[in-house]
Amino acid sequence: MSTSLTATPGQTIGPFFGYALPFERGNELVPPGSPGSVRFHGVVTDGAGAPVPDALLEIWQADHTGVVPTATGSLRRDGWTFTGWGRAHTDDEGHYNFTTLEPGAASPNSAAFIAVAVFARGLLNRLFTRAYVPGEQLNRDRLLSSLPEERRQTLIATRDEAGLRFDIRLQGDDETVFLRYPGHLP
């Protein structure tokens with residue numbers, strides 16, 4: 001981030017994500033330009049549509065064949081081990097990006113997706129969502145099918161010249177659908 005933000009002892013909710021949690025090449029699940037690599041990117045905006053410049057995103061995903069990786073070493077990128085996990089912060093315009101593989105579906109009755117967690121100022125707890133890979137398999141996914149049709153589009157990434165784009169709206173019109181998992185505090 002180009003903006004200098006100083007955390008104070010009383011701040012339990014940022015703005016500290018951009019300098020306290022990222023690590024070298026944390027957004028590179030695979031090296032840029034490697035065979036099969038895609039850019040997973042987007043913008044995080046608040047309820048007024050303004051960019052959130054100090055958010056942090058974590059992603060988890062299966063590999064291109066749908067296998068969930070079990071390799072260790074996520075915090076120390078070695079350039080060839082795909083761990084399926086990454087972390088990136090947003091820039092001053094709310095943009096984030098990852099270099100990764102397009103995931104495959106982890107089971108026959110689901111669609112391929114990237115799990116996303118969002119940490120940002122003003123959030124007392126992280127938010128969970130999914131970025132589904134566009135395609136025919138979306139019709140067989142139980143979670144997507146359980147949502148009203150007009151809300152499903154907030155979970156589906158779009159293809160562009162760089163790869164997969166997934167914008168996240170924290171609240172308001174077209175708010176991204178967020179998920180709650182067992183044991184996750186509201």
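This report describes strands, aromatic rings and a few individual residues in a predicted model.

## Strand β1 and its partners

Strand β1, which covers residues 37–45, is mostly covered, since seven of its nine residues are buried. Strands of a sheet pair through backbone hydrogen bonds, and this pairing is either parallel or antiparallel. With strand β4, residues 95–101, β1 runs antiparallel, and seven bridges join the two. Within this pairing, phenylalanine 40 has phenylalanine 98 of β4 as its bridge partner.

Strand β1 also pairs in the parallel sense with strand β8, residues 163–165, to which three bridges join it. Here the bridge partner of histidine 41 is arginine 165 in β8. A further parallel pairing links β1 to strand β9, residues 168–169, over two bridges, and in this case valine 44 has isoleucine 168 of β9 as its bridge partner.

## Threonine 45 in strand β1

Threonine 45 belongs to strand β1, and its relative accessibility is 16%, so this residue counts as buried, the cut-off being under 20%. What is threonine 45 in contact with, leaving aside its neighbours within four places in sequence? The contacts of threonine 45 are Ala50, Pro51 and Val52, together with Ile168, Arg169 and Leu170.

## Aromatic rings and a charge over a ring

A pair of aromatic rings is described by the distance of the centres and the angle of the planes. The structure holds five aromatic pairs. In one of them, the rings of tyrosine 96 and phenylalanine 98 have centres 6.0 Å apart and planes at 65°, and because an angle over 60 degrees counts as edge-to-face, the pair is described in that way. Tyrosine 96 counts as buried because its relative accessibility is 2%, and phenylalanine 98 is likewise buried, with a relative accessible area of 0%.

Ring pairs also link Phe40, Tyr96, Phe98 and Phe166 into a cluster. Another arrangement involves a charge and a ring, for the charged end of arginine 130 sits over the ring of phenylalanine 113, at 3.9 Å from the ring centre.

## A sheet of four strands

Four strands form an open sheet with the order β3-β2-β5-β6, and their pairing is antiparallel. Strands β3 (85–89) and β6 (127–132) stand at the edges, each with a single partner strand, so one side of each is left without a neighbour in the sheet. On average, and with direction ignored, neighbouring strands of this sheet are turned by 25° against each other.

Strand β5, residues 113–119, pairs with β6 in the antiparallel sense over six bridges. In this pairing, isoleucine 114 has alanine 131 of β6 as its bridge partner.

## A positive phi at aspartate 174

Most residues other than glycine have a negative phi. Aspartate 174, although it is not a glycine, has a positive phi of about 60°. Where is aspartate 174 placed? Aspartate 174 lies in the segment after β9, and because its relative accessibility is 55%, aspartate 174 counts as exposed.

How values were computed:
Residues are numbered from 1 along each chain as its sequence is written. This is a predicted model: local features need pLDDT of at least 70, side-chain atom pairs count only at pLDDT 80 or more; totals for chains, interfaces and linings use all residues. Side-chain values use heavy atoms; hydrogens and water are left out. Buried means under 20% relative accessible area, exposed over 50%, partly exposed in between (1.4 Å probe, protein chains only). Two strands pair if DSSP finds at least two bridges between them. Rings of Phe, Tyr and Trp (its six-membered ring) pair if their centres lie within 6.5 Å; planes under 30 degrees apart count as stacked, over 60 as edge-to-face and the rest as tilted. A charge sits over a ring if NZ of Lys or CZ of Arg is within 6 Å of the ring centre and within 35 degrees of the ring normal. Axes are lines fitted to C-alpha atoms, for helices over the stretch in contact, and angles run from 0 to 180 degrees between N-to-C directions. Contact means heavy atoms within 4.5 Å.
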